[in-house]
Amino acid sequence: MIVVPLLLLTVALSAFMFRVLRGPSIPDRVVALDGVLSVVVSGIIVAAARVDSGVTLSTVLVVSLVGFVGTVALGRFVERRGG
């Protein structure tokens, strides 16, 4: 049952990476990077479920907080730049 979520996460990650690389504007790329972060967090959770470990909860929390702060910082940059 782990194969299906990993396959769907791989498809989502490739779609987000396509938008990061080919995004027509900077706000599109910022949103795509936030999506990449969400897929990475989801992948960590699926991997934790696979090995039946609760240790990765702190990793998910740290990655989510760093991603949130990064998204807010990039959003402020885009807003000030007028993008």
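This is a predicted model: local features need pLDDT of at least 70, side-chain atom pairs count only at pLDDT 80 or more; totals for chains, interfaces and linings use all residues.
## Basis of the model

Residues are numbered from 1 along the chain as its sequence is written, and side-chain values use heavy atoms, without hydrogens and water. Local features need pLDDT of at least 70 and side-chain atom pairs pLDDT 80 or more, whereas totals for chains, interfaces and linings use all residues.

The mean pLDDT (the predictor's confidence in each residue, from 0 to 100) is 90 for the chain, with 99% of residues at 70 or more. Confidence is highest in helix 1 (residues 3-22), at 95, and lowest in helix 3, at a mean of 89.

## Overall architecture

The chain holds 3 helices and 0 strands; helices are DSSP runs of H or I with at least four residues, strands runs of E with at least two, numbered from the N terminus. Of the 83 residues, 17% are buried, that is, under 20% relative accessible area with a 1.4 Å probe and protein chains only; exposed means over 50%, and partly exposed lies in between.

## Helix 2

Among the buried residues of helix 2 are Val30, Gly35, Val39 and Val46. The buried residues of this helix pack against helix 1 and helix 3. Asp52, which follows helix 2, has a positive phi, near 55°.

Phe77 lies in helix 3 (residues 57-81). This residue counts as partly exposed because its relative accessibility is 45%.

Definitions and conventions: Contact means heavy atoms within 4.5 Å.
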